[in-house]
Amino acid sequence: MTKASPPDPEGFDVTDATALAAAITAGQITACEVMDASLAACHARADLGAVVYLDEDMARAEAMAADALPAEQRGPFHGVPFLVKDLGGSARGLPAAAGSAAIRAQERKPEADSRLLQGLRQTGLIPFGLTATPPFGLSLTCEPDGMAATRNPWNPALTPGGSSGGAAAAVTAGIVAIAHATDAAGSIRVPAACCGLTGLKPSRGAVPGGPDFANHLMGIASELILARSVRDVKTAFEAVVQPMAPIALPERPRVAIALPERCGADQCCAAKSAAEALRDAGCEVFDIRAPDRIGAEAHAIARTILAVSLAEWLTALEISDDQVPLLAAAMAGEGRATPATALFAASRQLARLTHRSRKLFNSADAVLMPVLSSAPPVVGTLDLSGSSPDDHMVRLEAFAPNAALANVAGLPALALPFGMANGLPLGVQLIGPPGSDFALLKLGALIEARAPELSFPSPIAGLPA
């Protein structure tokens, strides 16, 4: 593995959202200057297709208000620009469309924040736009309906992953330092791995999904952020976490490394190197068989839930099949053809798989695995232009094996970068039992401190020196 250094434009020397907020609070730069730089970066990097909606008036008004806020009222992310995913928890005034041209045409602007966005806004983040997602979040790449495909800043021919691909591209390119993301079958972790970022899929129920619970998906979906550091993820999680009994790590944590059968050499190497980093930090590390069987079962359960949810969603919005991509229409048709008995059976399988997944942690505090089986594919490889849900879902599972396991079993999963191969970052993930989110973040910090350095543009790219 080698280090790589994409062109780093001249800018303010900050590393992540925490450092950026500290610079604003210290008076080194104003929230208005930061927001102006972020807006300029949105336009300068429009070629990436990361941002699908901007409200520049909102952005500048909120930044001015942030600069006027007394010091005692400033949160840990004070004055930091923030982009919201075009799918999931809503932000007031930002018309999320789930990557769908048909929903986009309805121009529905939420009048209030979701509970999650309320909590994130209280940290000082300033939402001002929306990031790209594939239609209805149905892919692990990012090609919004009726808009340009989203591209990976490390190599624009490749995808940044999905479905939170716009968020990943925006943070990687330095458009923002931190962005909202969601995960129903790997949609935080896959783009994190494609772009060299950090992202936590929280435990089931750990973060709020209300008040409308539009992204509930029978409990398999969760939301948080994509960022460049473990500390940014921890701060965001602390701001929104609901009451739960956290699991503490023992003095010498036990970490099992599991390499899926379908795993490329570079991805396996990254996981093994991350395991060595944990061993160097004092953890007990040992090998186990990868949970490929229950991972495949989880993928099948998630498919049923996603198909039925999409069918219900299109009906509720009065959107016909000819208004959505072919594959989305086929998935919706599959959902309509699913009887209530089959959906109930899937809910029972979900409960059973959740119970069975606990065996992974009989002798381990966390399991370390690759996120992906290979490097990010070329843009368009996994778009929704096909008509076969079977083919599409098989390809998604092959690209991110076992990704849906954490979602269906309700487990927290933390994606982290570890090294480079062929000019692209490599990603690993730590999975733990429900409630071990903070424990995973602690282990993640150990990995982060020992990981090969990645050189990103300064967030926000183009800040005045």
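In this predicted model, D183 is buried (under 20% relative accessible area, with exposed meaning over 50% and partly exposed in between, for a 1.4 Å probe and protein chains only), its relative accessible area being 0%. R189 is likewise buried, with a value of 1%. The side chains of these two residues, R189 and D183, form a salt bridge with an N to O distance of 3.0 Å; the term denotes a side-chain nitrogen of Lys or Arg within 4 Å of a carboxyl oxygen of Asp or Glu. Side chains of opposite charge can pair when their charged atoms come close. The structure as a whole contains 18 salt bridges.

Because the model is predicted, local features need pLDDT of at least 70 and side-chain atom pairs count only at pLDDT 80 or more, while totals for chains, interfaces and linings use all residues. Residues are numbered from 1 along each chain as its sequence is written, and side-chain values use heavy atoms, with hydrogens and water left out.

R279 pairs with E276, and their closest N and O atoms are 2.3 Å apart. Both residues belong to helix 9 (residues 265-280), where three residues, about one turn of the helix, separate them; helices (H or I, at least four residues) and strands (E, at least two) are DSSP runs numbered from the N terminus. R279 is partly exposed at 36% relative accessibility, and E276 is partly exposed at 44%. A further salt bridge joins E297 to R356, with 2.8 Å between the closest N and O atoms. E297 lies in helix 10 (residues 292-316) and R356 in helix 12 (residues 340-357), so this pair ties together parts that are 59 residues apart in sequence. E297 is partly exposed, with a relative accessible area of 28%, and R356 is also partly exposed, at 32%.

The nonpolar interior was examined in terms of cores, a nonpolar core being a set of buried Ala, Val, Leu, Ile, Met, Phe, Trp, Tyr and Cys residues joined through side-chain atoms within 4.5 Å. The largest such core has 126 residues, of which F136, I175, I178, L224, I225, L278 and L430 touch the most other members. Helix 2 (residues 31-44) supplies the largest share of this core, seven residues. Another core, of 28 residues, lies apart from it and includes A221, I294, A298 and L411.

In helix 8 (residues 230-240), the buried residues are V230, D232, V233, T235, A236, F237 and V240. These buried residues pack against helix 1 (17-25), helix 5 (115-122), strand 5, strand 6, strand 10 (413-421) and helix 15 (437-450).

Two further buried positions were considered individually. L217 is located in the loop between strand 5 (198-201) and strand 6 (222-227) and is buried at 14% relative accessibility. Neighbours within four places in sequence being left aside, L217 is in contact with A184, I305, L306 and S309, where contact means heavy atoms within 4.5 Å. Between L217 and H392 there are 175 residues of sequence separation and a C-alpha to C-alpha distance of 20 Å. E397 is part of helix 13 (residues 389-399) and counts as buried, at 14% relative accessibility. With neighbours within four places in sequence again excluded, E397 is in contact with R262, G295, A296 and H299.
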